[in-house]
Amino acid sequence: MKKLLFFISFCLLIGSFQGVLAQAPKKIIVENSDFSDVNEVEIPGALLLTGNVKINHDGVVLTCNKAYFFQKENYIKAFGNVQLVQGDTLFLNSKYAEYSGNVKKAFATGNAIMTSPDATLQTDTINFDRNVQEVFYNTKGTIVNKDNTLVSKSGRYYVAQKKFQFLTEVVLTNPKYVMKSNHLDYYSNSGHSYLFGPSTITSKTNYIYTENGFYDTKKNMAHFLRKSYIKYDDRRIEGDSLFYNRNTEFASATRNVKITDSINKGIVKGHYAELYKLKDSMFVTKRAVAINLVEKDSVYIHGKKLLVTGKEGERIIRAFNNVRFYKIDMSGKCDSLHSNSKIALTKLIGNPILWNAESQITGTIMHLIGDNNTRKIDSLKVLGNTFIISKDTLGTGYNQVKGLNLFGKFRDGKLHEIDVIKNTEVIYYARNKENELVSIDKSVSSKINLILENNAVNTLTLFKNVQSDSYPEEELPEQDRKLKGFIWRGDERIRTKDDIFPPEENELNDKLVKEGKAEDAKPNVPMKVRKETLNYDKKKPAAKTNTTTTKTKAKK
């Protein structure tokens, strides 16, 4: 039994010893040296190699003018025109270098230059750990990769991934832009950049800010998250997620989108937007709203889709499907809206209705006309089937004016004078100074002029072919107190800026805003590396040949 235990122990000992031998570091091999010497006084323990020195270790070849080879320590100190080569992918040149065969680590200094097929790194000192295939430096370094030049105070290069990682004051300079960040991962083969933390991209055309983003420096396409925005000379676009193509100057934004017109002080909001800079056009949807400043008051315009086109001074806003708008003294609805800033004309198209103070105005087509000099609303046109209705201030009746067309003039932002022409009809509740109802007047004429003060009728004047009758309230039947075509739509009136949105769009907004807040509450972590980055150098599988079909055709 004791012999058996001894035999087992001996086998285990031999096995352990063989394992140690298998894992023992390989020895550095000197392949060439013009001259070798030993000087135990000056360089104890070292073999002195001089002239065309060439050393090989486990796939790495080191050449230099002179070297100290410490055989016991398996260690090299190299001097003059030092070059360390790994395979055909990595070249490390310097004035001085040290290399340990035991731990497979290299140290190079003195105008150190690392070259790979995709990039060149130049700095004062470079460290190379072959075990994990990582290069790192803590002195100012410059990386050149085709059109891109990167400068940073420190960095790390992952050889297998062809990835540079910079964590301190990195600047990437491209002929088209300059990128700055304190955390940039750059893949030299694909040109893909991953930004993390406060980062900027500056060019002649725009300025980009992000705290988490991706940029393809070859294709000039980007995706930005986390507090990101793109700023042009006249516009700034922001959203929870931004896509950008520099080649076409196209940008799209998703969720909590806000586009600010810095010149006209206008804002467009929604939850999805597309901006075509070269075409001066913008498309916004998902609770879209355009907010413009008119007479120191904001006008809110909503449609399921908003399209903004044209240069500064020639801008056109189009709103489609269930359009609603709101201003403190005015609001309205229509099927679509067309607003041209050059001629200061806004057309309300398709079943338009306008509420001015307490008056409801309808017609076939409506035009709101502004003054570009004063930037104020100047006049109103209603073409076809004009109908004005307002509630009697104290009673249950309605004051009504009906005709073919309407022409109105504004004063200080309020409708001051109205002319209704052709086939006009009026029902008016006349009251005295004590606000007592005197009569209900019914009239027809060719034209009616209304003067309003404080949004109420001050004077009413009838012109040409006037026919008028006054009735005591008790003598005019209820059915005769409304003109033909009368429809009161007071329950539809938009009384606040929030009323311009239908319920389903408010529900969508609440959902998306909640999602955005939840995302913001999460810790900011670097963006996940994309598949196209990881698979960039992988060859696509060859297309399979349909041999069955080929054989069949051959038989025929």
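Contact here means heavy atoms within 4.5 Å. Leaving aside neighbours within four places in sequence, Ser-190 is in contact with Asp-216, Lys-218, Thr-533 and Tyr-536. The model is a predicted one, in which local features need pLDDT of at least 70 and side-chain atom pairs count only at pLDDT 80 or more, while totals for chains, interfaces and linings use all residues. Residues are numbered from 1 along each chain as its sequence is written, and side-chain values use heavy atoms, with hydrogens and water left out.

**Ser-190 and its loop**

Helices (H or I, at least four residues) and strands (E, at least two) are DSSP runs, numbered from the N terminus. Ser-190 lies in the loop between S16 and strand S17 (192-202). Burial is judged by relative accessible area with a 1.4 Å probe and protein chains only: buried means under 20%, exposed over 50%, and partly exposed in between. Ser-190 counts as buried because its relative accessibility is 1%. A polar contact is a pair of N or O atoms within 3.5 Å; within protein, one must be able to donate a hydrogen and the other to accept it, and residues adjacent in sequence count only if both atoms are side-chain atoms. The side chain of Ser-190 reaches the backbone nitrogen of His-192 at 3.3 Å.

**Salt bridges**

Side chains of opposite charge can pair when their charged atoms come close. A salt bridge is taken as a side-chain nitrogen of Lys or Arg within 4 Å of a carboxyl oxygen of Asp or Glu. The whole structure contains 23 salt bridges.

| Residue | Partner | Distance |
|---|---|---|
| Asp-185 | Lys-163 | 3.8 Å |
| Arg-236 | Glu-238 | 3.2 Å |
| Glu-519 | Lys-522 | 3.7 Å |

The salt bridge between Asp-185 and Lys-163 links distant parts of the chain: Asp-185 sits in strand S16 (residues 184-187) and Lys-163 in strand S13 (residues 163-168), 22 residues apart. Both of these residues are buried.

In the pair of Arg-236 and Glu-238, Arg-236 is partly exposed, with a relative accessible area of 29%, and Glu-238 is partly exposed at 22%. For the pair of Glu-519 and Lys-522, the relative accessible area is 37% at Glu-519, which is partly exposed, and 46% at Lys-522, also partly exposed. Elsewhere, salt bridges that share partners join Lys-26, Asp-58 and Lys-104 into one network.

Two strands pair if DSSP finds at least two bridges between them. Strand S6 (residues 90-100) and strand S7 (residues 105-115) run antiparallel and are joined by eight bridges. Ser-100 stands opposite Lys-105 in S7. S6 and S7 form a hairpin with four residues between them, and Lys-104 in the turn has a positive phi of about 55°. Lys-104 also belongs to the salt-bridge network with Lys-26 and Asp-58.

Strand S7 is in turn joined to strand S8 (residues 120-129) by nine bridges, again antiparallel. Ile-113 stands opposite Gln-122 in S8. S7 and S8 form a hairpin, with four residues between the strands. In a regular strand the side chains alternate between the two faces of the sheet.

**Cysteines**

With a disulfide defined as a pair of cysteine sulfur atoms within 2.5 Å, the structure holds zero disulfides. Cys-64 is buried, with a relative accessible area of 4%. Cys-334 is buried as well, with a relative accessible area of 4%.
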